[in-house]
Amino acid sequence: MTTSNFLFLFFSLLIHFITIPTRADLPGTWELLVSDAGIASMHTAVTHFNTVVLLDRTDIGPSRKKLPPHHCRNDPNDPILKNDCYAHSVLLDLKTYTIRPLMILTDTWCSSGQFLPDGTLLHTGGDLDGFRKFRKFTPCESSSSICDWEELQDVQLSQGRWYSTNQILPNGEVIIVGGRAASSVEFFPPRKEGAIEFPFLNQAADRQYDNLYPYVHLLPNGHLFIFANNKAVMYDYTSNEVLKDYPTLDGGPRNYPSAGSSAMLALTDDNGYSSATIIICGGAQFGAYLQRSTDTPAHGSCGRIEATAENPDWEMEDMPFARIMGDMVMLPTGDILIINGAQAGTQGFEMASNPCLNPVLYRPNEPSGLRFMTLNPGTIPRMYHSTANLLPDCRIMLAGSNPHFFYKFAAEFPTELRIEAFSPEYLSPDRENLRPVLVGSPEKLKYGEDFTVILTVELPVVGIIEVNLASAPFATHSFSQGQRLVKLKVTSAIPDVAGKYRIGCTAPPDGKVAPPGHYMVFAVNQGVPSVARWVQLVA
């Protein structure tokens, strides 16, 4: 090698190591919460008792968690276990990280859910004997063992729901949208008319469906933004009328089995809560599912649209990584964490590769081109059938990933029973002195009610401290059903006794802005959120 070539190689390597950030240079930290949850969670939801419901499907054979004695499920039609003594749902206590098995009777494969106004988790549909089932989980104190799944016997879905989406409505009802071979909507509590045809879902379908698990967002005008494949409408569910057809989103299909993810940006009082913006990112290329291609590159594009504008159009952006099966988690600050998924392939069993280990932070208030920040990568692939949920302490809980038809541990991407937490940069030690501590807030609020929160913070308060309400969504298949963040109207922090501050707040004006139910209340000081306290919003 000549001297000039040697020097060129030396300086090239030097520049590489200087400019490419190491794992430790990137924001965010990871920790293992549970080494073996017993099940791979396909569906996950956080309750107002600070417990987490994790749920798989029932016809998957033995899990790693046994049911209590004399609680076996007897199903002569189960192809694997006629007498099933294994848990397929568990409850995680966030204080102790202990796992308690729950009893689920009918098949919950690719089902849907939503919390009701009283905090009960409504769960709908599934496959086989769960196809038309309503179920409820009424949460309780973690020290109690009385709360468990209840299969409703007196009502059932009018139409079978497999791969459908649930959304709570302003009056506390839940609308159930779509599903495989179900181009219709229906409601809970069930209405006399049963299922109502919704032709848009048929119009959005292609040869590989791509209209399943539609993205449904309740807009602050009371109508629904519904997105399937690459199409979207504004839907008036009270009259079963499409009020607006949005422009087609470029970049290929975006819903199951080609799903990226979607979120509605935080609603703010800046405009009287009249504006809502939707973002949709990632997805698989059309045909990857039909060809069972594991190495077809995923999409990296995002579309962003102000759904309430008079003549809206999509603003296109590109993520740092192409991603299929990513989860979008709304953070207490209003930023969005994009996490989990793969960079190639599609949804389905053993149909993806190249896991996307780097989370990405989407900062909606930054200029276009500067909104994405790459974060510290994890080490555990979270691909098909994985979930991500915001916890009350502001970490993000990661669970599941099972790209196999049954549990399979000897594989390149094995069935994953570990539960992790990712801590965004706002939880770094150098920001601890900015972190508020909520010491007083109401347990129940009425719409439009003025109220006060009391907090402490180590450093003197500079500027406005936000008080934000975050819903607890039902996370499954790369979409958090019912996810919502509402930034409240607040006054400046007023110093009180003993180093405390008082902040005047006004509750959301109505159920269109924030449907009734339990919300996590976060105080956010200079981008650093407090641990949440729960509040129930009532009419």
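**Ground rules.** I number residues from 1 along each chain as its sequence is written, and my side-chain values use heavy atoms, with hydrogens and water left out. As the model is predicted, I ask for pLDDT of at least 70 for local features and 80 or more for side-chain atom pairs, while totals for chains, interfaces and linings use all residues.

**Overall fold.** Along the principal axes, I noted a C-alpha trace spanning about 70 × 70 × 55 Å.

I see 61% of the 539 residues counted as buried (under 20% relative accessible area; exposed is over 50%, partly exposed in between, with a 1.4 Å probe and protein chains only). For contacts (heavy atoms within 4.5 Å), I took the pairs at least 6 apart in sequence: 62% of these join residues at least 24 apart.

**R191.** I then went to the loop between β14 (184-188) and β15 (196-197), where R191 is found. R191 is partly exposed, at 27% relative accessible area. Its side chain makes a polar contact with the side chain of E173 at 2.8 Å (a pair of N or O atoms within 3.5 Å; within protein, one must be able to donate a hydrogen and the other to accept it, and residues adjacent in sequence count only if both atoms are side-chain atoms). I also checked S158, which is 33 residues from R191 in sequence and 9.4 Å away, C-alpha to C-alpha.

A reminder to myself: most peptide bonds are trans, and most residues other than glycine have a negative phi.

- P189 sits in that β14 to β15 loop too, and the bond from F188 to P189 is cis, with omega near -5°.
- Y256 and P257 are joined by a cis bond with omega about 10°; P257 is in the loop between β19 (241-245) and β20 (261-264).
- E350 has phi near 55°, lies between β26 (342-345) and β27 (352-355), and is partly exposed at 42%.
- S401 has phi of about 115°, in the loop between β31 (396-400) and β32 (419-423), and is buried at 2%.

Methods
Helix = DSSP H or I, 4+ residues; strand = E, 2+ residues; numbered from the N terminus.
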